[in-house]
Amino acid sequence: MKHVLLILTAAAALSACGKQSAADNEKQAKSNGEETEGASEAVQLKEGHGLGFHPKLKKAIGIEIAEVTEEKVAPEFTVNLHVIQGADTGFRKVSLTSNGGVEANGWLSAEKASRIQTGQEVTLRSDALTGSEIETGVVKRLDKSPYATLGDFEIVVETATPFDTGTRLVATFHTPAGDAVPVVPRSALLKTAEGWFVYTVNDDFFLRTSVKVGAMNDKLVEITDGLYTGDQIVTTPVNSLWMAELQLLRGGKSCTCGH
């Protein structure tokens with residue numbers, strides 16, 4: 001939000017202070033037969049081109065650019081679990097298995113289930129505590145769920161940590177990396193109601209481009225369609241660019257100065 005306010009405030013300032021000089025430049029350019037469209041715009045949204053920024057504004061908001069590279073991605077994903085009740089009457093604080101462990105279950109998609117095996121180690125933390133200690137567990141069962149609304153598969157994780165019955169956990173799964181694939185930094189990825197996007201460099205503009213994603217972890221995201229190795233993309237501040245684009249779209253204008 002900070003960057004969005006900076007974009008709009010700086011754009012207004014640039015438009016106001018540069019109005020007269022821009023007009024003079026336009027007159028001079030016209031006399032020389034040059035194209036002047038958009039010369040006085042601090043921020044603009046041009047169909048087929050994307051977002052354009054005045055050089056000073058671009059520097060002020062700290063836009064960073066990187067190339068799409070090929071790397072191996074070790075997929076990482078999380079699943080929400082909760083500690084289930086044991087065979088007791090519920091007065092005990094933890095749900096113990098026959099081995100003295102605690103069981104927690106949850107539901108996940110078939111795609112995620114295909115990357116998990118019984119006996120696989122998993123890291124656990126309580127979702128109620130920010131920065132809570134990391135515990136370990138093991139995948140005990142992975143069964144096809146009869147309830148489609150809950151997910152395709154039910155997973156049961158066993159841990160020796162004495163979590164209270166009903167405790168909600170976040171389980172993080174790490175799987176081996178495959179072949180080298182086109183990747184972008186996680187920070188470059190934008191998720192909207194329409195799907196996944198990145199902002200690609202399109203001459204002097206930044207064009208929001210639809211992409212399909214594959215494996216991801218906390219640093220990298222595999223791109224399966226929409227980008228090629230060597231393409232240039234914005235890595236930050238992506239969400240701020242999206243907010244600025246929405247502002248221009250909702251305002252029905254091509255730039256903040258009303259032209």
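Which residue stands opposite F153 in β9? K144 does. L108 also stands opposite F153 in β9.

The model is predicted, so local features need pLDDT of at least 70, side-chain atom pairs count only at pLDDT 80 or more, and totals for chains, interfaces and linings use all residues. Residues are numbered from 1 along each chain as its sequence is written, and side-chain values use heavy atoms, with hydrogens and water left out.

Helices (H or I, at least four residues) and strands (E, at least two) are DSSP runs numbered from the N terminus, and two strands pair if DSSP finds at least two bridges between them. β9 runs antiparallel to β6, with seven bridges joining the two. β9 is also joined by six bridges to strand β8 (residues 135–144), again antiparallel. Five of the seven residues of β9 are buried, where buried means under 20% relative accessible area, exposed over 50% and partly exposed in between (1.4 Å probe, protein chains only).

The next topic is the nonpolar cores. Such a core is a set of buried Ala, Val, Leu, Ile, Met, Phe, Trp, Tyr and Cys residues joined through side-chain atoms within 4.5 Å. The largest one has 18 residues, and V79, L81, I116, L124, I155, L169 and F173 touch the most other members. At least two residues of this core come from each of β5 (76–83), β6 (102–108), β7 (121–126), β9 (153–159) and β10 (168–174). β5 gives the largest share, four residues. Leaving aside residues up to four places away in sequence, I116 touches F77, L108, V139, L142, I155 and F173; contact means heavy atoms within 4.5 Å. A second, separate core has 17 residues, including I63, L190, F206 and V238.

Two aromatic pairs are found in the whole structure. Rings of Phe, Tyr and Trp (its six-membered ring) pair if their centres lie within 6.5 Å; planes under 30 degrees apart count as stacked, over 60 as edge-to-face and the rest as tilted. F53 and F206 are tilted because their planes stand at 45 degrees, with the ring centres 6.1 Å apart. F53 is in strand β2 (residues 50–53) and F206 in strand β14 (residues 205–216), 153 residues apart. F53 is buried at 8% relative accessible area, and F206 is buried at 3%. F77 and F173 are stacked, at 5.4 Å centre to centre and 20 degrees between the planes. F77 lies in β5 and F173 in β10, so this pair ties together parts 96 residues apart in sequence. Both F77 and F173 are buried.
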